[in-house]
Amino acid sequence: MQVVDSGIGELIQPPDMEAFREWNRTQKSRTLIDKRMSEREAISRFVHDGDYIGTELYGTVRCPMSLSRELIRQGKKELRVAGQGVLELDMWLAAGLVKKLDITYIGMEVYGVSNGLRRAVESGQVESVTEWSNAGITWRFKATSIGAPFIAVRSMLGSDTFKYSAAKSVECPFTGLTVCLIPALVLDVGLIHVHRADRYGNCQIEGISGFAFEMARACKRLVISAEEIIPTEEIRRYPDHTIIPFYLVDAVVHAPLGSHPGEMAYMYARDEPAIKEWMEANKTAEGAQAYMDRLVHGVADHEKYLERVGRQRLDELIEMRERRE
Amino acid sequence: MTEYSSTELLICIAARVFENGKTCFIGTGVPMLAASLAQRLYAPDLVAIFEFGGTGAQLEDLPMAVGEARTFHKALAASGICDIMETAQRGFIDYGFLGGAQIDPYGNLNSTVIGDHGSPKVRLPGSGGGNDVGSLCWQTIALMRHDKRRFVPQVDFVTTPGFLTGPGAREAAGLPVNTGPIAVISTLATMGFDSDTCRMQLEALHPGVTLEQALDNTGFELLIPTEVKRNAPPTAEELRVLRDEIDPTGLYI
């Protein structure tokens, strides 16, 4: 197969599918063991400095924010990150924890650019930035999920997004079409927040699934936080709702309102003033630091964070949730 | 004459583009408002598609994010990003709406960097789903504020492909055939693309906008057809629905 064109971006985490199979054979338990632990223990045990890490879904929607804040609290650094993010990556970037980025989108959606990204990239603090499209990066997870070293797609071609990516284009041996080859991406560690999990890590999600299915299958280590911990009998009653089976999972953290200030479909709405509070603070590095001193480092854990937000406000957000009418 | 803002005008003109029984890839912001307005007034059977999995939502309340619950409010399906992007890749998505910090005469869009990629003056959010929408939907429509900083001879970075370098360039790069930009709706005018050269061409001016204004605010040579049409102003009904029902708190408008 002839390579037509190659992106010049760094392949930050080159895929090794044989090593991944071996990892899955030797490092992932097939036994039902209780994996419940605190945010502190999960981040401490499963996230290391220099790791390649990803979060799902993103920022304001079903995002593992309690885990993201704990990661900042523990100062995990020199992270290489799969960047599809809003608040969580804006904060990590503002905290100076990110060394390399496979970026597709880091921004504040309707509110515009991420000041964390701007400061970290424009100052050169982030050493390497490789571009992808949203489908591109998710299809990288999908390639890993199907156990293949790459996947052939028709997006990204002809653009600078391709040029500054680590993708390649080739002539398809079957059709003659020029296709874009997207390399598999194996995460050292992934963080995913779900509606329900049992103690072993069987997970169920309501509403859209984002890229949870693919990312969960593309991680060497996977930390789950869940709104509710439910009995395994409940999982067995609705096995068709299980999107992540236990053997993919290394830690299960009970994190009610764990996506705050983001939302959780059918459970609670996003906290608009709280999101704006962060964005206002993050206009400057000093403001971001002051915010984190108060709401990340200044609270011992997620429970204390929720106390700081206040029960009344949390109840309002629950009341404002999307309903199945 | 009824007063309206440039954003309201943009939303109302864009809303008239939507068609019943078509699938449409919707991004955050103005496209959501336009789709919501279209669903209420012109195209009740419009199938709104959001990139993280919402298909066929009823856009009763404005989503603030492309993944939030309102993107699958009373929807027909809630799947995930792979399903949506693969649906686009299979040729099932008719229209996609796009935006960006810069657009060039070929409809290429930049939402990645101002300046050099290695040491950017401004680091923007990046492609997100933009590149995929521009690559895989049948037809795309860009919504833009109209000034010389945004309408530039050459974008600093081709985040999302328009016609790339001109006729045949998309196909040569391997992008699906018969795809590409069909319109740019700005705060001053509606533009299309010349079928021979793939360059941007003025189609219709918004109410009160002169030809000189449109040209003065465009940083490249805009093709002018023999007859320049005039877009109708927002109707009282469009403005009422937009203000009273869609965005009553004035979040966007």
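Tutor: The answer starts with the interface and then moves to single sites in each chain.

This is a predicted model, in which local features need pLDDT of at least 70 and side-chain atom pairs count only at pLDDT 80 or more, while totals for chains, interfaces and linings use all residues. Residues are numbered from 1 along each chain as its sequence is written, chains are lettered from A and ligands numbered from 1 in the order in which they are written, and side-chain values use heavy atoms, with hydrogens and water left out.

Take the interface. On chain B, 52 residues are in contact with 52 residues of chain A; contact means heavy atoms within 4.5 Å. The two chains bury about 4,000 Å² between them. Buried area is the accessible area (1.4 Å probe) that two parts lose on being put together, summed over both. Carbon and sulfur atoms carry 59% of it. Of the area that chain B buries against chain A, F52(B), R123(B) and P125(B) supply 17%, more than any other three residues.

The rule finds three salt bridges across the interface of chain B and chain A. A salt bridge here is a side-chain nitrogen of Lys or Arg within 4 Å of a carboxyl oxygen of Asp or Glu. E86(B) forms a salt bridge with K142(A), with the closest N and O atoms 2.7 Å apart.

Which elements of chain B supply at least two residues each to the side that touches chain A? They are helix 3 (81-89), strand 9 (120-123), helix 4 (130-136) and helix 5 (169-173) of chain B. Helices (H or I, at least four residues) and strands (E, at least two) are DSSP runs, numbered from the N terminus. Helix 3 of chain B gives the most, with five residues. By class, the side of chain B that touches chain A has 24 nonpolar, 19 polar and nine charged residues. Ala, Val, Leu, Ile, Met, Phe, Trp, Tyr, Cys and Pro count as nonpolar, Asp, Glu, Lys and Arg as charged, and the others, Gly among them, as polar.

H73(B) lies in the loop between strand 3 (54-55) and strand 4 (77-78) of chain B. Its relative accessibility is 6%, so H73(B) counts as buried. Buried means under 20% relative accessible area, exposed over 50%, partly exposed in between (1.4 Å probe, protein chains only). The side chains of H73(B) and E322(A) make a polar contact of 2.8 Å. Leaving out residues up to four places away in sequence, H73(B) touches E322(A), E325(A), A57(B), Q58(B) and E60(B).

Next, chain A. Strand 1 (residues 3-6) and strand 7 (residues 168-171) of chain A run antiparallel, joined by three bridges. Two strands pair if DSSP finds at least two bridges between them. S6(A) stands opposite K168(A) in strand 7 of chain A. Strand 7 of chain A also runs antiparallel to strand 8 (residues 178-183) of chain A, through four bridges. There, E171(A) has T178(A) as its bridge partner. This hairpin has six residues between the strands, and G176(A) takes a positive phi near 80°.

Helix 4 (residues 87-94) of chain A is largely enclosed by the rest of the structure, because seven of its eight residues are buried. W92(A) is one of the buried residues. Just after helix 4 of chain A, G96(A) has a positive phi of about 70°.

Chain A also has cis peptide bonds. One runs from E56(A) to L57(A), with omega near -10°. Another joins H260(A) and P261(A), with omega about 10°.

Last, P234(B). P234(B) sits in the loop between strand 14 (229-230) and helix 7 (236-246) of chain B. P234(B) is buried, with a relative accessible area of 8%. The C-alpha atoms of P234(B) and I13(B) are separated by 7.3 Å, although the two are 221 residues apart along the chain.

Definitions and conventions:
A polar contact is a pair of N or O atoms within 3.5 Å; within protein, one must be able to donate a hydrogen and the other to accept it, and residues adjacent in sequence count only if both atoms are side-chain atoms.
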